[in-house]
Amino acid sequence: MTATANLPKRKFDVVIVGAGGSGMRASLQLARAGLKVGVLSKVFPTRSHTVAAQGGVSASLGNMSEDNWHYHFYDTIKGSDWLGDQDAIEFMCREAPKVVYELEHFGMPFDRNPDGTIYQRPFGGHTANYGEKPVQRACAAADRTGHAMLHTLYQQNVEARTTFFVEWMALDLIRDASGDVLGVTALEMETGDTYILEAKTTLLATGGAGRIFAASTNAFINTGDGLGMAARAGIPLQDMEFWQFHPTGVAGAGVLLTEGCRGEGAILLNSNGERFMERYAPTLKDLAPRDFVSRCMDQEIKEGRGCGPNKDYVMLKLSHLGAETIHKRLPSVYEIGVNFANVDITKEDIPVVPTIHYQMGGIPTNIHGQVVTPDGNGGQAVVNGLYAVGECACVSVHGANRLGTNSLLDLLVFGRAAGNHIVANLDRKAEHKPLPKDAADKTLARLARLDASTDGEYAQDVANDLRATMQQHAGVFRTQASMDEGVKKINAMRERVAKITLKDKSKVFNTARIEALEVDNLIEAAQATMTSAAARHECRGAHTVNDYERGADDAEFPLGRNDKEWMKHTLWHSADNSLTYKPVNLKPLTVESVPPKVRTF
Ligand SMILES: Cc1cc2nc3c(=O)[nH]c(=O)nc-3n(C[C@H](O)[C@H](O)[C@H](O)COP(=O)(O)OP(=O)(O)OC[C@H]3O[C@@H](n4cnc5c(N)ncnc54)[C@H](O)[C@@H]3O)c2cc1C
């Protein structure tokens, strides 16, 4: 008997890896339709990173200022620096009001206006009348929107009888010879036992890989496991060079202060006490998109107008909002100020720096959430049995830069859409396809290697070096030389990852083993990022390279963007660390395309 045959097996219609907002929005759709759904999570579902989302979820409800989905559509395309696919963006912005009202009806405790409608605050890059002025589009529950949303979705899933596998780590996808995905291998952390979870459809909803960087607003569990699983199974990763820096991470701590602060009226100041964003973005000021604000902050610091003894941060001022507004609208931000910066934000300014926050790239999908790969004839083919949604997926609605509050929306819209597509297409009566004999061999080889390891480096040390390297060579401002060097360093790390040693070989709740297995995923996300970044010879959205910077008035390449050569999506292939490209879809579903133009605010 092979080792695979010896493993315990469980069968489901659908297995979902990830119990964040996207995974639980999809599972709800499936469980309610009567399908047998198993949802895996490394942590208790309501501890997924979605719980940390503060600022809001976007939808053009127009409760507090005039708005419609066309404006939202335009803002998202402009925000994406024309790398977003306009069909997917139209779909998301049109669906937004529906999914937010649906969430309200599930019991989501949104803040309310005096007339009972959902409270909405302004957010970066969201405008009325195509860029004329900021609009109030972010639907919020104080500064705990993700918390409220995740708990609401969890409660609904409990009612719908979704099966949760809590503290289970999915390890690898199972693909047969025809390329169909038949489920996953997974480790039960409590016992250390490995299982095969068979599924007619598998959905990856594992969130972002923000932990490939040293300073990040992300939870420690955000190690890009879905990306690693896809990459090892021969599926390319899309647009991984695009990483969002959030302008307001607490300096030195990395903890996020939501853009909702600036939505409520907070402002950024340099060492002269100047509100410098007025100079860079006369219309949107502090509420310009994140890539733009982060670059301006960095510029101020570079030109010597940073604050503090090392002049390496700027200040966020909230005190003028008044203690009452701060305690009502931004209670968590107040607590973060006290706990992480020893600052009372109702009285003093708080030091902030751009901090890694969000991955725009991920596993390529279509608008139904189906994973797609190049078909060999210049087109894209669906991978049978595999879907991906949420931050681990790239559909692509965020392109080269995501607008704040568009991620929670992405989770709801595409989690729901994937759920609906699976319900419509899954054959309930069909048997599961037979598993290949070697279904779990790769996983078992990874585990066996760790168990046999006697010397080598610890996972933690390799991971820390990887994070430091990524921070140094793929930061806010990039140079070609530094990225090229980063590529070499990360390539060389592959060997170190392959030789990681596990000292404690015990089975029960062995977190050292989990960490070692996570590094296999970190390296995929890191190498995808470094290789894709070094190859993109232009500035676009979050990818700013000194060597290619130009002014807004440069006729051919305004702001360094080179549409002729680079308006295309990157696909990184793990097997040979190579790149291919595919066109951006500039054609929306029903409306006219928004043609590329210079991005000023
Ligand atoms: C501090 C912070 C604030 C934010 N604020 C906002 C905001 O206000 N508005 C907004 O739109 N966006 C915001 N974002 C972004 C947004 O919250 C995230 O992009 C989004 O929540 C990701 O959701 P997800 O469902 O894709 O994944 P997550 O919520 O990250 O969940 C991932 C799930 O996958 C599971 N998982 C991962 N790997 C495995 C594995 N190998 N096996 C089993 N399970 C696994 C995890 O346990 C978890 O359940 C914020 C992000 C951060 C970090």
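This is a predicted model: local features need pLDDT of at least 70, side-chain atom pairs count only at pLDDT 80 or more; totals for chains, interfaces and linings use all residues.
1. Domain layout. The protein chain is split into two domains. Taken over C-alpha atoms, the centres of domain 1 and domain 2 lie 30 Å apart.

2. Extent of the interface. On the domain 1 side, 17 residues are in contact with domain 2; on the domain 2 side, 26 residues take part. About 1700 Å² is buried between domain 1 and domain 2, and carbon and sulfur atoms account for 57% of that area. Within domain 1, the residues that lose the most area to domain 2 are Gln-54, Phe-477 and Phe-601. Together these three make up 39% of what the domain 1 side buries.

3. Polar and charged links. Between domain 1 and domain 2 there are 10 residue pairs in polar contact, with both residues at pLDDT 80 or more. The side of domain 1 that touches domain 2 holds 6 nonpolar, 8 polar and 3 charged residues. The count of salt bridges between domain 1 and domain 2 is 2. Separately listed is a salt bridge of Glu-335 with Arg-144, where the closest N and O atoms are 3.7 Å apart.

4. Distances to ligand oxygen. In the side chain of Thr-50, an N or O atom is 2.5 Å from an oxygen atom of the ligand. A polar backbone atom of Leu-408 is 2.8 Å from a ligand oxygen atom, and for a polar backbone atom of Thr-405 the distance to a ligand oxygen atom is 3.4 Å.

5. Cover of the ligand. On its own the ligand has 1000 Å² of accessible area, and the protein covers 99% of it.

Methods. Residues are numbered from 1 along each chain as its sequence is written. Side-chain values use heavy atoms; hydrogens and water are left out. Domain bounds come from an automatic or database domain assignment. Contact means heavy atoms within 4.5 Å. Buried area is the accessible area (1.4 Å probe) that two parts lose on being put together, summed over both. A salt bridge is a side-chain nitrogen of Lys or Arg within 4 Å of a carboxyl oxygen of Asp or Glu. A polar contact is a pair of N or O atoms within 3.5 Å; within protein, one must be able to donate a hydrogen and the other to accept it, and residues adjacent in sequence count only if both atoms are side-chain atoms. Ala, Val, Leu, Ile, Met, Phe, Trp, Tyr, Cys and Pro count as nonpolar, Asp, Glu, Lys and Arg as charged, and the others, Gly among them, as polar. Accessible areas come from the Shrake-Rupley method with a 1.4 Å probe; for residues, only the protein chains shown count as cover.
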